[in-house]
Amino acid sequence: MNKELGTLYIVATPIGNLEDITLRALRILSEVSLVLCEDTRHTKILFGRHNIHAKTESYHAHSTEAKLHSIAEKLERGDNLALVSDAGTPLISDPGSPLITYLRKRFGSELRIVPIPGASALTTALSVIPVSGGRFTFLGFLPHKKGRQTVIKAMREAQDAQVCYESSHRIVKLMKELEELYPEAHVWIARELTKQFEEVLEGTPLELRTILETTPEKQKGEFVVVVEK
Ligand code: SAM
């Protein structure tokens, strides 16, 4: 007799403040047989804070086909699994899409893939940045080189707010690019959300670049950039 398939839970974890996790997420992470982590060391910090002793294994952007196969076999055995990324919601600019595509192809709708919602830098930023009409386009990370200028130029033409993730290495560069290609833009920078140095800055690209350059510590950390309409 075929064993019933296990369930895969896609679990959102905090984006900084380790208290930002739901009761349901904590329960699921404690109950599953295995938690697939982008980086097991990172997730263990969260587990330590919440006294979770689940078994962990890595699943990340460079995981092989063999890894997908072995995850599928565990589900076939009836194991319940959870997937987490280092921060926020898996699949939102984070690993997970190839795994879900593979499992859907292999098991179709037989397999339960259950979202356990929680923090994401995207929704956290937009919960304090009032974009007009509540309409926005999420661009994820902009291309680093090829196509970057095209995407930035398109921001100017867009009808709704444009939201992207940016790293500390390129936040000043992005303000310079906007200054050149879209100088009148109304820009918000949400930095280090939920963490000690959390702040939300608002201004033109020139104003924001000036702030970042005159206060270099503000260039550190993680950023969500919103270009208003
Ligand atoms: N899956 C995550 C989510 O749901 O937000 C996003 C992961 S992506 C690899 C990491 C990027 O998200 C960072 O480079 C930054 O742009 C943004 N981010 C993550 N945590 C953040 C925070 N605490 N404050 C601002 N931006 C953050």
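## The shell around the ligand

How many nonpolar, polar and charged residues does the shell around the ligand have? The shell has ten nonpolar, four polar and five charged residues, where Ala, Val, Leu, Ile, Met, Phe, Trp, Tyr, Cys and Pro count as nonpolar, Asp, Glu, Lys and Arg as charged, and the others, Gly among them, as polar. Of the 19 residues around the ligand, those that come nearest are I92, D94, A121, Y165 and F223, a residue being near if one of its heavy atoms lies within 4 Å.

The model is predicted, with local features needing pLDDT of at least 70 and side-chain atom pairs counting only at pLDDT 80 or more, while totals for chains, interfaces and linings use all residues. Residues are numbered from 1 along each chain as its sequence is written, and side-chain values use heavy atoms, leaving out hydrogens and water.

With a polar contact taken as a pair of N or O atoms within 3.5 Å, an oxygen atom of the ligand lies 2.7 Å from a side-chain N or O atom of Y165, and an oxygen atom of the ligand is 2.8 Å from one in the side chain of S120. The protein buries 92% of the 570 Å² that the ligand exposes when taken alone, as given by the Shrake-Rupley method with a 1.4 Å probe.

## Contributing domains

At least three residues of the shell come from each of domain 1 (7-119) and domain 2 (122-228), with bounds from an automatic or database domain assignment.

Definitions and conventions. Polar contact = N/O pair within 3.5 Å; in protein donor to acceptor, adjacent residues only side chain to side chain.
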